[in-house]
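Let's take a friendly walk through this structure, one region at a time. Keep the viewer open as you read.

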Amino acid sequence: MSARSSIPGALIATLLDAEDDRILFVPAQGEPIRAADIRAGARQLVNDLPAADEAITVFSSSAATLAAACLAAQHLQRPLNLLPQAGASYCNSLGLDRQSFVGEFAGYGHVIDWSAEDDTGIALRRHEAFRPTLSFYTSGSTGQVKIIEKPLSVLEAEAAYWVDRLEGEFDWVCGSVSHQHIYGFIFRFLVPLLSGTPAADSAALSWEALFQRSGKRPMLVSSPAHLTRLAPEDTLAGFSPSIILSSGGPLPLDAALTARKIFGHSPIEILGSTETGGVAWRQRDGSDEHWTPLEDVNATQSDEGELIVSSPYIPEDEPVHMGDLAEFTADGRFLLKGRADLITKIEGKRVSLTRVTDALLGHPAIEDALALVTQHGARERLSAIVVPSEQGRRELIERGPFRFSRELAKDLAETLESAETPKRWRFVADIPLDSQSKRSRANLTNLFEGQRILELLKPDISHTGDYEAELLFTVTPDYPWFKGHFHDAPILPGLAQVHIAAAVCEEIWALRPASHAISRLKFNRIIQPGEDIRLVLKFNTTTRKLNFGFSCEGDHTSSGTIG
């Protein structure tokens, strides 16, 4: 089914013409927000915003606030900026006009009072000739802010494609991704508005939050970061999405199959970027990794094998080189073969980070991995972030991180040259993703900065059972947590003890609790420098809960459960 190439004004027409009592968004608490409320909120903004030509900058967890800002921008004939965060230093670095900020900024954003009486008397205008432009702020893999401008009509066309394709398959839209990014903007914001479907007003921060006010056939707009951390099956028993979407990065096959087992169908994965919009999709029921281009997208490749995309979802007429290597099949589908730009020089030799990553992924002790370059002193070092397989975790427990990494390097020497073998290693429960569910290499290098917990504690470790361990260590006064707690009588803060337990769990087992939730927390007495501590850890691989207990000279000092 082809996309509508141009439907200018669809969003504005919907917001202006919808019947007053049509429910558009539903907060987690409080009354539903209706079309009349959105128009009243827009009039508040028009009345409050200063007269200017600059863009209106929006950051809000509320889709209703974003909708009102869109109407206000149309009325005032001003473009919109959608920020990924609202930190003061971040906003200052962008040089934007603070007087035109709308949403949850620290003390200077215009906030809509949804309970206020609508007495402005402002008549919202369409301005048929005005074509709104939205700017999305993304950092990609470099960490440097990049501004991508998109005409609203292009975003509307992409949303209309999915409204047509998924017609009749959902009656509610919820999700875990922010509408401040293009993926969430299209699927959590535009799709419900253009399809006439009510939606959750804000992104859910937990699986339990997704259950609230859900329809009979909800569409879940999710991400790899969320789908790789599924709650236990008994928790999800009451939630049955008819459609699950995932975008922003690769979804591991085991996560796709686990979702299929729990919900009865696999997520629809969408390949794309802020620059290109949606490019291709796949829904895996097995090991097939091929992507199918969207009907209106022309996907080809360069002589070097780089994926090239032409699409109505790209504002410019020029094709976009995506930077991914692709291998096409006769039916037009393709496999992704890594990044074309991941070539670096190590010890004077050209090294393909994709080749190193592929070699790591081929090792039976490794479930997931990523090769990258980090700074170690004055030298750049080839480094590896590794998620061990079940076999790998057993070897990690048996050998410890140093010896395990030496064994891996020895095995890889049969495939890789010396310059291609990682020299620095980090073993983790999963490879961290940024707020856009991407593996930002700028952020991942932070895993190699700072001192590891085991290096700080220097404990004697005894593994007393499957994922049970006992650590003995002496508390030293140089712990960073003693600073400020307190000068004359230093104590180890309770939050630091919880952090130590969770961090040790990941460092010795490459496992992480299911969530940050803490229960059964008890603090019986303080811990001070010079004391000999016994830390007992037990990790339940089924519930992914970590039980911990600190003791000193036989006295229990603290205990609790994380996850």
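## A loop residue

Thr-543 sits in the loop that links strand S27 (532-540) to strand S28 (545-552).

Thr-543 and Ser-273 are 270 residues apart in sequence, and their C-alpha atoms are 35 Å apart in space.

## How confident is the model?

Please keep in mind that this is a predicted model. The chain has a mean pLDDT of 90, with 96% of its residues at 70 or more. Confidence is highest in strand S14 (residues 292-293), at 98, and lowest in helix H9 (residues 233-236), where the mean is 68.

Two packed helices are described by the angle between their axes and the distance between the axes. For helix H1 (residues 10-17) and helix H3 (residues 63-76), the angle is about 105 degrees and the axes are 10 Å apart. H1 is therefore roughly perpendicular to H3, since angles of 65 to 115 degrees fall in that class.

Which residues meet here? H1 contributes Leu-11, Ile-12, Leu-15 and Leu-16, and these meet Ala-67, Cys-70, Leu-71 and Gln-74 of H3. Seven residues of this contact are nonpolar, one is polar and none is charged.

## A four-stranded sheet

Now turn to an open sheet of four strands, ordered S15-S16-S17-S18 with antiparallel pairing. S15 and strand S18 (334-339) are the edge strands, each pairing on one side only. From one strand to the next, the twist averages 50 degrees.

Strands of a sheet pair through backbone hydrogen bonds, either parallel or antiparallel. Strand S15 (residues 298-301) and strand S16 (residues 306-310) run antiparallel and are joined by four bridges. Within this pair, Thr-300 has Ile-308 of S16 as its bridge partner. The hairpin of S15 and S16 has four residues between the strands, and Gly-305 there takes a positive phi near 90 degrees.

S16 also pairs with strand S17 (residues 320-328), in the antiparallel sense and over three bridges. Here Glu-306 stands opposite Leu-325 in S17.

Technical notes:
Residues numbered from 1 in each chain as written. Predicted model: local features only at pLDDT ≥ 70, side-chain atom pairs only at ≥ 80, totals over all residues. Heavy atoms only, no water. Axes fitted to C-alpha atoms, helices over the stretch in contact; angles between N-to-C directions. Helix = DSSP H or I, 4+ residues; strand = E, 2+ residues; numbered from the N terminus. Parallel < 35°, antiparallel > 145°, perpendicular 65-115°, else oblique. Contact = heavy atoms within 4.5 Å. Nonpolar A, V, L, I, M, F, W, Y, C, P; charged D, E, K, R; others polar. pLDDT = per-residue confidence, 0-100. Pairing = 2+ DSSP bridges.
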